[in-house]
Amino acid sequence: MSSPNHFPNQWMPLRRLSDLFWRQPKLLLLVLLLPPLAWFGIVYLGSLLALLWQSFYTFDDFTMAVTQQLTLANYQALFDAANYDVVLRTLVMACAVTLAAAILGFRLPTIWRATPRAGKKARCMWR
């Protein structure tokens, strides 16, 4: 004696799809992650590529209009004496922030481990 089918025929494609995802969990993961990753790729990476493309254009000094001539003048201007100090300060700040984040990232778990819990003695935080 076969078990009765509790689902109407209109639900059979959804049941087959559900069975497929149950048997192939990585396929379900792919189906769930594909739309946000595609959106991320289009919006974020597309914006970066557009910014890179526009960095090769330059301004006309008289009218301040963008010229359609592709040039490396913007990248050459980074190494002018006026911009050298700005680039150097930016790089120093980026290194300092990275170092501070690494120090906090490695020390905070030790500090959290040393916080006393109920019924336990506190250990030294900085050993």
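The paragraphs below go through the chain as a whole, then a loop residue and its neighbours, then a pair of charged side chains. This is a predicted model, in which local features need pLDDT of at least 70 and side-chain atom pairs count only at pLDDT 80 or more, while totals for chains, interfaces and linings use all residues. Residues are numbered from 1 along each chain as its sequence is written, and side-chain values use heavy atoms, with hydrogens and water left out.

The chain contains 4 helices and 2 strands; these are DSSP runs numbered from the N terminus, helices being H or I of at least four residues and strands E of at least two. Their order along the sequence is α-α-β-β-α-α. Of the 127 residues, 5% are buried, where buried means under 20% relative accessible area, exposed means over 50%, and partly exposed lies in between (1.4 Å probe, protein chains only). The chain exposes about 11800 Å², with carbon and sulfur atoms supplying 71% of that area; the areas come from the Shrake-Rupley method with a 1.4 Å probe, and for residues only the protein chains shown count as cover. Among contacts with a separation of 6 or more, residues 24 or more positions apart account for 0%, a contact being heavy atoms within 4.5 Å.

Ser-55 sits in the loop between α2 (25-54) and β1 (58-59). Ser-55 counts as buried because its relative accessible area is 17%. A polar atom of its side chain lies 2.5 Å from the backbone oxygen of Leu-52. Leaving aside residues up to four places away in sequence, Ser-55 touches Asn-74 and Tyr-75.

Tyr-75 belongs to helix α3 (residues 73-77). Although 20 residues separate Tyr-75 from Ser-55 along the chain, their C-alpha atoms are 8.2 Å apart. With the same exclusion of residues up to four places away, Tyr-75 touches Leu-52, Ser-55 and Phe-56. Tyr-75 has a relative accessible area of 32%, so it is partly exposed.

What is the count of salt bridges in the model? The count comes to 1, taking a salt bridge as a side-chain nitrogen of Lys or Arg within 4 Å of a carboxyl oxygen of Asp or Glu. The side chains involved are those of Asp-85 and Arg-89, at 3.4 Å from N to O. Both residues lie in helix α4 (residues 81-114), 4 residues apart, or about one turn of the helix. Asp-85 is partly exposed because its relative accessibility is 41%, whereas Arg-89, at 52%, counts as exposed.

Terms used. A polar contact is a pair of N or O atoms within 3.5 Å; within protein, one must be able to donate a hydrogen and the other to accept it, and residues adjacent in sequence count only if both atoms are side-chain atoms.
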